[in-house]
Amino acid sequence: VQAQPVLERTLRGHDVAHVEGVQWKGKPDEFLLPDAAKRGFHVFVTKDNNQLNDPDQTSLIRRSKLHHVRFDQGNRGVSDYARAVGCLVAAMYDVMEELQAADGQRLVKITKLDANKRRHETINPKTDPPAYWRSSPSRKPRRVK
């Protein structure tokens, strides 16, 4: 499952492509980044957080002049993946607005959602009913006279 369909809906007016969709899956970054720039892409989104620790990768990114957006997918399976995609989708609208106004290349790191912080609230209406919760009206039997 890819975040691309959700990003396409969120980032209307922007072309969103996945490496698989342009037949670049597995293409080394030394070719991928220059090819992306030549094809008119402006932003490169990756889950590879080590690229900026590698001088050769950093040089490629700098020369591409692409904005570099990275996010952490984690390695704890579906739960990390879900948080990563949610975080990416939630951040990208604002990131794109910021990048459109940028006067040069930017490096963006999307902050990972804290796995220990719950992102939801669960209510048991039997033990803690909210004010709006209505129990079924009790029906009293009618008396027939």
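Reply: A term first: helices here are DSSP runs of H or I with at least four residues, and they are numbered from the N terminus. Helix H1, which spans residues 4-10, contains Val 6. Please bear in mind that this is a predicted model.

Me: How far is Val 6 from Gly 86?
Reply: Their C-alpha atoms are separated by 9.8 Å, although the two residues are 80 apart along the chain.

Me: How many bridges join S1 to S2?
Reply: Four bridges connect strand S1 (residues 43-46) with S2. Within that pairing, Thr 46 is opposite Arg 70 of S2. On the S3 side, S2 pairs with residues 107-110, again in the parallel sense and over four bridges. There, Arg 70 has Lys 109 as its bridge partner, and His 68 has Leu 107.

Me: How covered is S2 itself?
Reply: Strand S2 covers residues 67-71, and five of its five residues are buried. His 67, Val 69 and Phe 71 point one way, while His 68 and Arg 70 point the other way.

Me: Which hand do the β-α-β units have?
Reply: The unit made by S1, helix H3 (residues 55-64) and S2 is right-handed. The unit made by S2, helix H4 (residues 78-100) and S3 is left-handed.

Me: Changing topic: how many salt bridges are there?
Reply: The structure holds five. Among them is the pair Asp 72 and Lys 112, with an N to O distance of 3.8 Å. This pair links distant parts of the chain, since Asp 72 is in the loop between S2 and H4 and Lys 112 is in the segment after S3, 40 residues apart. Asp 72 is partly exposed at 30% relative accessible area, and Lys 112 is partly exposed at 34%.

Me: What about Lys 27 and Lys 25?
Reply: Lys 27 meets Asp 35 in a salt bridge of 2.4 Å, N to O. Lys 25 forms one with Glu 20, where the closest N and O atoms are 3.6 Å apart. Lys 25 is exposed, at 59% relative accessible area, whereas Glu 20 is partly exposed at 39%.

Me: Last one: which residues form the nonpolar patch on the surface?
Reply: Ile 123, Tyr 132 and Trp 133 form that patch, and together they have about 380 Å² of accessible area. Trp 133 is in the segment after S3 and counts as partly exposed, at 47% relative accessibility.

Technical notes
Residues are numbered from 1 along each chain as its sequence is written. This is a predicted model: local features need pLDDT of at least 70, side-chain atom pairs count only at pLDDT 80 or more; totals for chains, interfaces and linings use all residues. Side-chain values use heavy atoms; hydrogens and water are left out. Buried means under 20% relative accessible area, exposed over 50%, partly exposed in between (1.4 Å probe, protein chains only). Helices (H or I, at least four residues) and strands (E, at least two) are DSSP runs, numbered from the N terminus. Two strands pair if DSSP finds at least two bridges between them. A crossover is right-handed if, with the strands pointing away from the viewer, the path from the first strand over the helix to the second runs clockwise. Patches are made of residues with over 30% relative accessible area and no salt bridge: like charges are joined within 9 Å, nonpolar side chains (Val, Leu, Ile, Met, Phe, Trp, Tyr) within 5 Å. Accessible areas come from the Shrake-Rupley method with a 1.4 Å probe; for residues, only the protein chains shown count as cover. A salt bridge is a side-chain nitrogen of Lys or Arg within 4 Å of a carboxyl oxygen of Asp or Glu.
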